[in-house]
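This report is meant for someone meeting the structure for the first time. Please look over the sequence and the model before reading on.

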Amino acid sequence: MTGKRIIASIFLFLMAFALLALTPEQAAQRLPQDPDLITGRLANGLTYYILQNAKPENRLEMRLYVRAGSINEDDDQRGLAHFTEHMAFNGTKSFAKSEVVDYLSSIGMGFMNGLNAGTSYEFTYYMLKVPTDDNEKMRTGFKILSEMAHAVAFEEDELERERGIILEEWRLGQSPQQRVDDAYKKVLFSGSKYAERSPIGIESVLRNFDQATIKRFYSDWYHPANQSVILIGDHDPAQLQALVEEFFGPIPAKENPRIMPEIRIPENIEPQVVLVTDPEYPYNMVQIIWKREARPTITVGDFFEELKCELYCEMLNTRLEELSKKPNPPFSFAALINGSLLIRSMPVTLGIAMTPSGKSAAAVQTILTEARRVELHGFSEGEFERAKTKLKRKLQQAVDQKATRVSENLTWAFISMLNSGGAYLSPEQERDLSNNLLEEVTLAELNSLGSSLFPDTNLFVSLIAPESDKASLPTEAALLALINEAKDSTPEVYIDKASDKPLIVKIPKAGTIKKRTVNRRAGINTWVLSNGVKVHSKKTDFKQDEVRLQAWSPGGSSQLDLEDLPSANMLTWYLYESGVGELDATELQRATVGKVAHADVTLGLEYEGFWAVCSPTDLELMFQLIHQYATNPRFDEEEYASFMDRAGSLLENSLKDPENYFFDQLSAAVYDNNPYQQSIRPEQLQNVDLQRMESIFADRFADFSDFEFIIVGNFDEEQLKTYVRTYLGSLPSTKRKEKFRDHNIRPFSGISEVRFERGIDNRCFASVVTNAPYKATLNNRVAMQALFQVYNERLRENVREELSGVYMIQAWPEIERYPSPHMVTNVLLACDPARVDELLDAVLETADELKNGDFTDHHVSSARATLQNIYADKIKTNSYWVDGILFGISQDRALDTFLSFPKMYEKINAATISKAAKQWLRYDKNMLKLIMLPEAAKEHGECGHHDHSEDHEHCDDHEEGGGCGSPDCTCEEGEE
């Protein structure tokens, strides 16, 4: 079909719904498929989906989807769906042992850049990324993925090695979150296999299964009829289709395949309720789940129903958000989601809320009452119009972003489609069909949806709380009575208060541009405004519908006295939720509905500033928000009281969780408990004061003469000039000069070890930390990136793979400029308490290997290739340019410094890494070991679930990687 005929057919398809109300025949019509999508089924039953996408250039995202997960396991295989996924990285027919990982690492696309996998209840997926400008490498990627699909080796020695790693993953998952998950899911999934088939499995099976048992799982379920290949990237689809035929076509079809079980969650006529408390759980949580009949989105009628449900939930969520900001709120946040719980056979309406202590029952009552209010009185026309406006803007933004969307992000839509059924529409198809259907939907139709979203049957409610709050929870009988009461309540009509307050009452008097310079190498324009503000701008086409802004000024909380720190630590959080000027948070949301612009205030130890992002069409709004935050922030006593109630619910019990406590202790220990290097603790909330926050803000944002604004994206340059002059050139300026105020913030010195007991589970968290002087030169930056690439790879090989001692181990640097430039290096692991000393010794031995050059050329070339590939992808993103320019500003370097990375990456060699290790891994001079062991056996009271031999839910979304993927291992340059 030609392009014109495709467009014409789509036009006629859409016009059918634009002329009259949806008829039964139209509702039954199947949804269209994206005309750019190539899909098919091979003779052996395998399906494939191929979509050409230009960003990033010369990259192909490859996915193998296997329609088999933990619910396919037999009783003696609990955990082996997930174990099978691990084994696919440990040897196939043509790639022995670690050769798959070694090869992909050698081309810069290993675990730190694209390689991963995951297992859920119902499916397993494998992720690869390969270059498309090298045919041999691309073909090898196809070979690897095809052999994962049908030729995993399951060698006995590799299986035994991996057994220890997965047992450590199982151990890591023994946590308060998993205990409460176990408890409520036993009730939610009762009567079905889901209740006993979490992906991580059970310890007894993981320790004792034999090779034949896991191979039986692979043989039963890994066959072409259960598999799909997803290919999205910058390459000719016809050639990719031929490669699918070549590499996946020869896989033999399964004769007499095992029947895929159809597993359903039994209905419950009466509400199910469960109360779960745990001594280490840090929050009060409410879940309200309405289970519904499974129905994939296949027809136009299905799509229409989903569209209406989205509008309904959007409007109800807006009401819940408004309630959360009232005085003495029943919840810190609450939301309703129309979706599923990762379970194909159980779509749900999910209500979730986080509450202050003692308010769980009130939260349930409030959510149910709001649902009842809509059932009785419906939504208002104003709510309806705002929801439609917001949805239309989201749909249009997807169209605007199409040319620059990222391939990796698109893969998740296909995985979701394969799991739940449905069609893949192009952004234009989804926008046009939605807009036409929105013309047909009436408010009366939406108001009648409550019975389908909130049915009287299949209701499940769980209240989860710290054990210390157990007395504040209602009994199950009281909770059931509350549910019935809310069902029959008669709440008053919701009053939709309109506001016509402008965001800015009077446009400020514009400043002038006094000086212009251009960095020609980078294409960065710099303007100095009449008030001293500097603006650095870079126009790009990396993302069609995005402009990013970051502002930076030296100063920060270092300028404050000790007693100001609690208020300073809460300031930006409060401003995020407070609104601006005359507009409270609800009014601001309504005033900007349908707009894509967001701005936040930032405050760190050594800087203050702003972060913002917008669509090019809403560029002025972004600048207006920044101007209002800068000159007219909102400090309101009533809103502040509500905010502190919500903040308290998030913080009050946070340190009950041993993991949270460990990281709090780690943060404190690195800087010898200096309060300027610590986040706020629950007991400090009583020292937060609204007037102090207001005065801190007034001080930190009184003078903009030393502010530098970075603006990168697809903006109109004349518009940018106007808005910069108007909204930045008018900001106050006093020309003050500030230097970092030293509060004796120094990292620890010498060698020490701190051991403490925390937690009732048999697991250990440990960190080994060192620090050394660090000068932020470009050479050092590159050496540091290369060092941590190799350090993490060797830690994975030595501590995870060879010793089978951990599932998770990660090394990362933290670089500080003040009061003297230094680097803190942290290595974190979680393990069996009995092995912690052995494993920490292995970490130190690995560091010594790096210092002595005891690593291979493969490690060096892999690090070099990974850094080059990450740079090649990220240099085409606005966020990377913002971070790169900010690096130059904050470190007093040239703005284009980061453009020199590629040439410097070419020079990385073994000497680079050894020298860096000797310079910064100074464990012989400064070393802190922080070790958290489990508490000695004692009574912990009742909790929801303590049987650690049983299963627990684990989504395994980022199963294999273990690292963030950033070349600095700090995620500082990552996309949001």
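## Aromatic pairs

The model is a predicted one, and a search through the whole structure finds 47 aromatic pairs. One of them joins Y281 and Y283, whose rings are 6.3 Å apart from centre to centre, with 90 degrees between the planes, an arrangement described as edge-to-face. Y281 counts as buried, at 4% relative accessibility, whereas Y283, with a relative accessible area of 24%, is partly exposed.

A further pair is formed by F740 and Y818, and it is stacked because the ring centres lie 4.8 Å apart and the planes meet at 10 degrees, with stacking assigned to planes under 30 degrees apart. F740 belongs to the loop between α25 (717-728) and β19 (751-757), and Y818 to the loop between β21 (809-816) and β22 (822-831), so the pair ties together parts that are 78 residues apart in sequence. F740 has a relative accessibility of 19% and therefore counts as buried, the limit being under 20%, while Y818 is partly exposed at 26%.

## An aromatic cluster and charges over rings

Aromatic residues also come together in one cluster, whose members include W573, Y574, F610, F635 and Y640. F643, F697, F701, F704, F707 and F709 are also among the members of this cluster.

Two other rings have a charged residue over the face: K539 lies over F715, at 5.8 Å from the ring centre, and R781 lies over F887, at 4.6 Å from the ring centre.

## A sheet of seven strands

Seven strands make up an open sheet with mixed pairing, in the order β12-β13-β14-β18-β15-β17-β16. Its edges are β12 (513-519) and β16 (597-603), and because each has a single partner strand, one side of each is left without a neighbour in the sheet. From one strand to the next, the twist averages 15 degrees.

Key:
Residues numbered from 1 in each chain as written. Predicted model: local features only at pLDDT ≥ 70, side-chain atom pairs only at ≥ 80, totals over all residues. Heavy atoms only, no water. Phe/Tyr/Trp six-rings, centres within 6.5 Å; stacked < 30°, edge-to-face > 60°. Buried < 20%, exposed > 50% of the residue type's maximum accessible area, 1.4 Å probe, protein only. Helix = DSSP H or I, 4+ residues; strand = E, 2+ residues; numbered from the N terminus. Lys NZ or Arg CZ within 6 Å of the ring centre and 35° of its normal. Pairing = 2+ DSSP bridges. Axes fitted to C-alpha atoms, helices over the stretch in contact; angles between N-to-C directions.
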